[in-house]
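User: I would like to learn how to read a few features of a model. Please take me through them briefly.

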Amino acid sequence: MLQTLLPILIFAALAVGAAGAVRRIRLWRQGRRTPMRWHRLALMPKRYLNDLHHVVARDKAIAHTHVATAGGFVAAMALALVVHGFGWRNPILGGLLLAASLCMFLGALAVNRRRIDPPPKLSKGPWQRLSKSLIAYSVGMFLVSLPLVGVAPTVLGGGVLAIVLAAVLVWGLLEMVVGMGWGGPMKHAFAGTFHLAFHRRPERFDDNHPDASPKKTHDVHRGSRSTALFPLDLTAKTLGVEKPADFQWEQLLGFDACVQCGRCQNVCPAYAAGQPLNPKKLIQDMVVGMAGGSDAGYAGSGHPQQAGGIEVGKPGFGNHRGGPTDAIVPQLVEAQTLWACTTCRACVEECPMMIEHVDAIVDMRRFITLERGETPEKGAAAIDNLIATDNPGGLDNASRLDWAADLELPRIQDRPEGVDVLLWLGDGAFDMRNQRTLRSLVKILRTGGVDFAVLGEEERDSGDVARRLGDEATFQRLAERNIATLSRYRFARIVTADPHSFHVLGREYGAFGGDYVVKHHSTFIAELFDGGRISVTAPTQAETVTYHDPCYLGRYNGEFAAPRQVLAALGLEVAEMERSGYRSRCCGGGGGAALSDVPGRARIPDMRMEDVRETGATTVAVACPQCTAMLEGVVEPRPRIRDLAEMVADALVEPTAATNATSAPSQSREEEPA
Amino acid sequence: MSVRRLDPHAERARRNRLHPRHHEFARPAWRWTSADGVTRINPHALGAIGPNGLKRIDRSGAAVEASPVGGASTSAEPARRQVVIDQPEGHVVVVPELPEGRLNDHDRDLFGLARQLADGHDLAVTAVTFLNGVSGFEDAGADRVVDLSAMVTEGYDPETRLAALVDVEAALSPRHWIFADSLPDGGDLGRRLAARLLPQGASQGANASVGDARPATRVWQLSEGQTLSRAGDRQDILRDVARVLLALPECAEPVSETRHEARVIELATMGGELSSAANEVAASGVIDRGRVAVDPQEIPLAQAPFILSAGRGIGDWEGYHHAARVLGASEGASRVAVDDGYMPRSRQVGATGTFVTASCYVAVGISGAVQHLQGIAKCQRVIAINNDPSCDMVKRADLALIADGDAVLAAVCERLGQPRDQTGSDGSWTDEESRHAAA
Amino acid sequence: MPQPDPQAAAGTPHDVKTAVLVSSGRHPVSGRAGRAREDARAVEMGLSLVGADLSLVHAGDPEQASLRESLEGYLGMYHGLDGGRPGDERDGQLSLLPLRAGEDAVPLLAAWLERSGVRLALTGQRAECGEGSGMVGYLLAERLGWAIATGVAAIERCDAESVTVLQALPQGQRRRLEIRLPCLIAVDAVAEAPRQSAFGPARRGRIETVDDLLPADESRLDTGSAGWQWQPARARPKRLKVVKSTNARDRFKAAAAKSSASGGQVLTDLSPEEAAEKLIDYLRAEKILAQDDQ
Ligand code: SF4
Ligand code: SF4
C-alpha cells in the first residue's frame, strides 16, 4: 500500500509546497524591482557552503548539527524523489537514502537536545516543533526505505503500522516540504537559498575582492567588507521606506531568510541596554509586514519595554500589525526601535543568513527624516546645524582651527604643489577633549617628518551623522561640497583620527565621485613605526591596557591589527576584552544614537566600561573621538581613556634624541610610500 | 544718593586763590562739562609742584582720596551741575520703560541719547510717562515731564497709549521720539507710533522728505549727527537721525554729571489739537486679560532665567525639589543625575542636553564635566555649591561655596522662612527624634 | 511651557483664514539662508492652529539664488498634519509676491492679504536680513486698520471674532491678550519650537508667483531708505561698569575688578547656614531674589 501512496504523497507535498513557494515569491516581488540577474543562482552553492558556513561555524556544535541535518535532508529528499517518487527502486540508492536519513536523524537528535532547554536567543513556537518534525521525517523516511535493501519488516506492508508510518511521513513532509513554501520554519532554507543568490551586496561573497582578507578562518570576514550605505535617489517619488513594499525585493527576500537564531539579538548593544530594539524581532516584524497580519505568531524575545517583553514564550504579542502597503511606523515598528540602533553592524557581522539589518533600519529612518520630519529632537537640531554651518554643533566653521592657533598647522591652500598627507580633522576639532588627541597626532606627524597639511575652515563634516540619521539629502550635499573642495588640492592620501570620517571618505564618497586613499591614524602610525620613522621609549612601569575596537574602524573597515600593532610597539601588553575584534561591543555613540538617546535600562558605554573593568586594565586605548566621548562619560572612578595618538605622543622620542639614542633609519621624505 | 552739602569753609578756600589750602579745594575744577555738553579739562589746574620745582600730575588719584573735599562723601558721588532750560526750541521726547515703576539702566541710556540730541540745540529732553510718582527724572536727564497716567489705564493697553502719544505729538511736535527697542513694551509702542506718524502711502516714495519719518530701530550708537542701527544679516545702517528712534541698551552713556529740572508740563497748555484718548478705547483691538502665572518648572530650560541645577552631590532629592520651589528656580540636572534616573532627560543641562542661558545658574553638587560647562557657557552668573574645592565647576563659578549641597539648600529654605516639612518625608529627622524620645 | 491646543478649545478655527508672512532667514553663525527663526515659529503656530489650510506668503526677489532654499524650509514643515495619515497630507503652498530690490513690500502684502481674505496673519517679530526693523507688521496693520499684537508665545483659542493669545514677558512670564480679528500677530522667539523641515515635503511644496496685485504703473519704489549707508555690523564696545566717580583710582579699580572677577570667589570653611546666607545675599544683590522675601 505504501508503494502506491508514497509517490502520491511526495508529489502532492512538492506540488503544494511549490504553490506556497510561488506565493512566497510573489510576496518578495512586492518590493521595488531591480533588474533580475538569473545567473547569480549559480553562485548560490558556493555562497551557501562556503560563506554561510563560515559564519555558522563560529559555533562548532551548531555547524556540525546543521551540516548533518541539512545535508542529510537534502540528500534524503533528492534520493526519495528518485527512489520513491519515480520508483527507481535501486538497492544502492536505497542504501544511500537510508544513510542520508540516518545522518539527518542524528542531526535532528542534536537539534532536539538543544531544544530541551533552549537559550533565550532562540524562538519557541514552531521552532520548538521543528526538531520533532525533523525526527519524524528522518525516521519515517528511514523506515519506508528499509524494504529497498531487503530488510523489510513485512508488517510494514499493511495494517495499522503502515498507517502510523504514513502519518509520520506525512507530518515530516508537511513540515519539510509544504512548510518550506508556506512559511513554516523551513522557509529559511528556501528563502535563504535565493537570498544568498540575489544578495544586494555580492562583494561580501567575493573572496578575490581587493578588500577581502587573505586569511580565511571563521573569525575573519570573508569577502569584502561591503559596508557603505546605498545612495538614495533624491528624485524618487517617496524617499526611504515607508511600507514594506518600499524595500527592494532582495531585502524582503533577505528578511524571509531569517532562521530566528537570535545571534543578532545576543550581540546587539541596544538590546543589551534594554532599549526597545531587538534586531531579530525587527526582522520578523518586516516579515509580518511583508506577509500582512500581526506579530501574534512570534515566539521569541520582543523589543525590550514593549508589549510581549523579552521573555521567550510569554504571550503578549499581537499589538503590532502590518501589511505590505501599510506604513511600518508606528503600527508595526515603533520609531524608538529604529532610533535605538547605533549602526554598529554587530548583528550583520553575526548573522548566518547574511541579513542586512543596518540597511533596513537606515532605509526606514530615511523615510522618517526626509518625509515625516520626525528625527529625534537633538538629531534634528544637529541636522539643522549641519545644513547651516557644516558642523553638527552649529559652530562657526571658520573656528575649526582655533584650538591649533599655536601649532601653526600647515594649510593645504599654501601648498599648491601638493602634500603627502592631508590631515582630516573631523568634528572632533570643536571638542576640547578631542583636541588633545589631535595635538598628539600633530606631534607624531611632525616627529615622523611627515609632509602634511590641513584644509582648515574649508573642511566640513563628512556627513556621517546626517546619513545615519536618515538625512540623505544633507549627507549628499556635504559629500558633494567636500568632494569639490578636495578636488582643488593635491595630496597623496588622507589621514584622520576619526573612524567615521575614515569610513565615509574612504567608502561612501566613491559613489559620488570621490575616490581617495584614506588611512585611519592607527594604520598610519603603525606604518610610521614600521618605517622606523618614529620611535618611543619603553613604558616606565608595567600597565595593563585593553583596546576598544571602534565599530567604524573594525567591523566596517576591517582594521583590527594596526591599533594592536601600535600598542605592541609601545611595549604594552594588551588584555583583550571578551568582546573584541569583530565582536567588539559598540560604545553606544554611533549612528546618531547619542543624539536620539533612546532610554533603556542601562547605558551602553557603562556596559562597555564593565567589559573593560573585567580585564583588569587601568587604561583603555581608544581610536575614535566618539568612543572617547562616550566612555569618558562613564562616571569615575573608571579606567583611564586614552587615544592611541596620545599614548604614542607621550612616549615619543624627539627626533634629536632619536638620532643619539637609537640608530633610527634616515627620516628623509623620499622614503615615503606615496 | 546723598545730597552734597556745601562746606562754607571749603567754598571760601576755593574762591580765594591766595588761601593756603586753595589748591585742595580747587581741584575739582580741573574738569567740567561745558554748556554744550563737551567735557572740558584744564590741565593747568592739575597736579602739584614737586620738591624739585617740577609740576607733577598724580593720576593715581591717591591725592584726591587724601584730600577732604566735600567732607564725608568724598568721591563716591561727584556733584552734579544743575542745568535749566527755560525756553526750549523744541522737544526730544523719551518714553522710558519704567519696569516696576522705576527707571532702569536702559531708560537712563535713552535719556543719555536724548541729551546728546538735545544739548547744543536748545532742545528740552521731555520724559513721557504713563505712571505717576516716578522719581529720578532729574538725574536721568529730563528737562520736562509729561505725565499721561490719567489718560491710560493700568495693564497692557498699547492702543490707548498710542492715542495718548498722538496727543503728545500734536501738542509738542517733538523733534525726536526715543523709545527703548524692547518687546513687547517700548519697541511695540514706538513702532505703533512710527507707523501712525508715517503718512499713508508715504513709504512708497513721492514725498522724499519722509526719509527721516521711517523709524530707526535697534539704534546702538549716535555719532556725528548720524545713528547706527543694527540691521539684519550682520549689517549696520548709518543714517541721519530719524524722528522716531528705537534704541538698544547701552546706546549712549547715561547722564552722570548734570542734574535737570524735570518740570512737569500739562499737555493742554501746550496747544495743539487733542484727540480724546478715551474714544479710542471703544474700538480697542487688544484687550489685556491679565497675567498668567507661570510655574518655573514649565519654562523651557533653555529660556529659564534662574536655574537650580543638581548633580551627583545631591542626596536628598525631595529637599532639592523643595528648594527649587522656594527659590522660584527652574530645575536643571547634570547628565549623571539624569542617567541615574533622578531627573528627566528634558532637564539635562550641557552640550549633550540643553544649552541654557540663565542669568543665574546655581550648580549644586555638580563637578563640572566639560560638556556641562559648555552647556552653561552663556550663563551670566554661576554659583557652585560643592564639597570639593578643586572641581571644575568651582573654577568656573563666579561664587563658589564649599559646603554640602543638601545642607545648604535646607538652610536656604529655613532662612527664607519656608523650611521643608520636617516630620514629613525626611526620614532621618523622625528617626533622630524618636531616638531622642526614647532616651 | 504647556502649549494649549487651540483646536480642541475652539471647535474649528478652520473658517478663520490664516496666513503666515515669511521672510528669508540668515543663520546667526554662518549667515546662510534658511528659515528665519521667528517666522518658522509663526508657521508652527499656524500649522497647529489650522493645519495644512495655512497659507504662506513672501514678498521677495524671485531672482535671488538663495530664495528657494529659504522658502523651501517653510514648505518642508507641512507634515504630520491632518491626523498624520500619509496620503491625506497636503503639500504646502506659498505665494511669492515678486519684489525687486529697492521696492516696498508693504503695499504688495496688504493687497495680497485683502484679496485672499485672510483674517489672521502671523509673522516673526523681525526679519533676519535687510533692515530687520520689525516695522512691516505695524505698517500693514496701520494700512489695513487691523489690530496687532507682538511677542506672542502661544495661541490659546481662536473663533470667528477674536483670538486669545499668550504674550511673552521677560523671564518666562506670560500675559493673556484677546485680540479682535482681523489681526496681525508677531510671534516671539519663545513660542513653540518649529517642527523639523523635511526634505520631501519641501521638495513637493508649491511656490506660486502672484504678480498682478498692484497696477503695473504704480511706483512701489521705497525712497525712504535712499540716504542710508549700509556697512558690516561692528562689534559693540562692551561697556565697563559705570562708576559714578570723577576719581581715576576708583574708576580704575572698578574696571579692573570686573575683569579679574572671572576667576570667581571661592568661600571655604562655611557652615551650611553661612553658605546659605552668602547664597541668599548674592541672589538678592543680583536681584534674582526679591529684596524682602518674607
Ligand atoms: S537576523 Fe540573522 S542573526 Fe538575527 S535571528 Fe535572523 S538569522 Fe539569526
Ligand atoms: S547595528 Fe548594532 S545596534 Fe543596530 S541592531 Fe545591529 S547590533 Fe543592534
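User: How many salt bridges does the rule find across the interface of chain A and chain C?
Analyst: This is a predicted model. The rule asks for a side-chain nitrogen of Lys or Arg within 4 Å of a carboxyl oxygen of Asp or Glu. Across the interface of chain A and chain C it finds 3. Among them is the pair D390(A) and R32(C), whose closest N and O atoms are 2.7 Å apart.

User: What area do chain A and chain C bury between them?
Analyst: Interface size is often given as the accessible area lost when the parts come together. Here chain A and chain C bury about 1,500 Å², with 44% of it on carbon and sulfur atoms. E371(A), R372(A) and A388(A) supply 29% of the area that chain A buries against chain C, more than any other three residues. The contact involves 27 residues from chain A and 14 residues from chain C.

User: In what order do the 4 strands of the open sheet in chain A run?
Analyst: Read the order from the pairings. In chain A it is β8-β7-β9-β10, with parallel pairing. β8(A) and β10(A) each have a single partner strand, so one side of each lacks a neighbour in the sheet. β7(A) pairs with β8(A) over 2 bridges. V545(A) has V574(A) in β8(A) as its bridge partner.

User: Which helix lies across β7, β9 and β10 of chain A?
Analyst: Helix α25(A), residues 644-651, running at about 80° to β10(A).

User: Which residues come nearest to ligand 1?
Analyst: C258(A), C261(A), C264(A), C351(A) and H357(A), out of 13 around ligand 1. The shell divides into 8 nonpolar, 3 polar and 2 charged residues.

How values were computed
Residues are numbered from 1 along each chain as its sequence is written. Chains are lettered from A and ligands numbered from 1 in the order in which they are written. This is a predicted model: local features need pLDDT of at least 70, side-chain atom pairs count only at pLDDT 80 or more; totals for chains, interfaces and linings use all residues. Side-chain values use heavy atoms; hydrogens and water are left out. A residue is near a molecule or strand if one of its heavy atoms lies within 4 Å of it. Ala, Val, Leu, Ile, Met, Phe, Trp, Tyr, Cys and Pro count as nonpolar, Asp, Glu, Lys and Arg as charged, and the others, Gly among them, as polar. Two strands pair if DSSP finds at least two bridges between them. Contact means heavy atoms within 4.5 Å. Axes are lines fitted to C-alpha atoms, for helices over the stretch in contact, and angles run from 0 to 180 degrees between N-to-C directions. Buried area is the accessible area (1.4 Å probe) that two parts lose on being put together, summed over both.
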